[in-house]
Amino acid sequence: MHSDQRPAVRVRPMTREDRAEVAGLIDGVENFNPVEKECALELVDIYLDEPGQTDYAFAVASGETAEIQGYICWGPVPLTRGTFDLYWIATRRAARGRGFGRELVGHVERVLGAAGGRLLVAETSAKSSYRKTIEFYRSLGFEEASHIADFYDVGDDRLIFVKRLS
């Protein structure tokens, strides 16, 4: 398949059966350091082990096969009305640029829109290795709302992007 051809993307809630596959996907993301990978998996486990919790929601995306090509995690920002954080989004390296991330974010926007969501907030590093991530958020209509120098470490700035849903 050529990169300009997009597969049919199926997005659905993450299930317990998806854990190992999502853990492998997280482990394969080259921009995530070991602590970030541990944190991302910790949220997966909270979501799967505490079905009554409302802090985190997850969805996965697949294409022509059932293999999970990407995942997304989001949740409400405490003490706000209608503001949500996009905590994690990742796709397999071979699946990047094929619409999986776009469909995952679209799914979240539809879910939040139906629930009265107003803002979706995403943060990322400004390091050059995150250039494609930054371009991705901008291509989806996210606007840069904040740039904090040396936030994660010296020379590793924090960018906060916001998308208005209503």
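View 1. Strand S4 is mostly covered, with seven of its nine residues buried, where buried means under 20% relative accessible area, exposed means over 50%, and partly exposed lies in between, computed with a 1.4 Å probe on protein chains only. The model is predicted, so that local features need pLDDT of at least 70 and side-chain atom pairs count only at pLDDT 80 or more, while totals for chains, interfaces and linings use all residues. Residues are numbered from 1 along each chain as its sequence is written, and side-chain values use heavy atoms, with hydrogens and water left out. Strands (E, at least two residues) and helices (H or I, at least four) are DSSP runs numbered from the N terminus, and two strands pair if DSSP finds at least two bridges between them. S3 and S4 run antiparallel and are joined by seven bridges, with glycine 70 having threonine 91 in S4 as its bridge partner. S4 also pairs with S5, here in the parallel sense over four bridges, and leucine 86 has alanine 122 in S5 as its bridge partner.

View 2. Seven strands form an open sheet of mixed pairing, in the order S1-S2-S3-S4-S5-S7-S6. Its edge strands are S1 (10–13) and S6, each of which pairs on one side only, and the twist averages 25 degrees from one strand to the next. Helix H1 (residues 19–27) packs on this sheet and touches S2, S3 and S4, its direction making about 90 degrees with that of S3; contact means heavy atoms within 4.5 Å, and angles run from 0 to 180 degrees between N-to-C directions, with axes being lines fitted to C-alpha atoms, for helices over the stretch in contact. Helix H2 lies across S1, S2, S3 and S4, and runs at about 115 degrees to S4.

View 3. S5 and S7 run antiparallel with seven bridges joining them, and threonine 124 stands opposite leucine 159 in S7. S6 and S7 are also antiparallel, joined by six bridges, and serine 146 stands opposite isoleucine 160 in S7. These two strands, S6 and S7, form a hairpin with two residues between them, and glycine 155 in the turn has a positive phi of about 85 degrees.

**View 4. Two residues with positive phi.** Most residues other than glycine have a negative phi. Aspartate 150, found in strand S6, has a positive phi near 55 degrees and is partly exposed, with a relative accessible area of 43%.

**View 5. The largest pocket.** About 1300 Å³ of space lies in the largest pocket. Of the 44 residues that line this pocket, the closest to its centre are Ile89, Thr124, Tyr130, Thr133 and Tyr137. A pocket is an open set of points on a 1 Å grid over the protein atoms alone, where a 1.4 Å probe fits, with protein on both sides within 12 Å along at least five of seven lines, and lining residues have an atom within 4 Å of a point. Among the elements that each supply at least two lining residues are helix H3 (100–114) and helix H4 (131–139).

Notes. Points joined across faces, edges and corners; volume = space filled by probe spheres on them.
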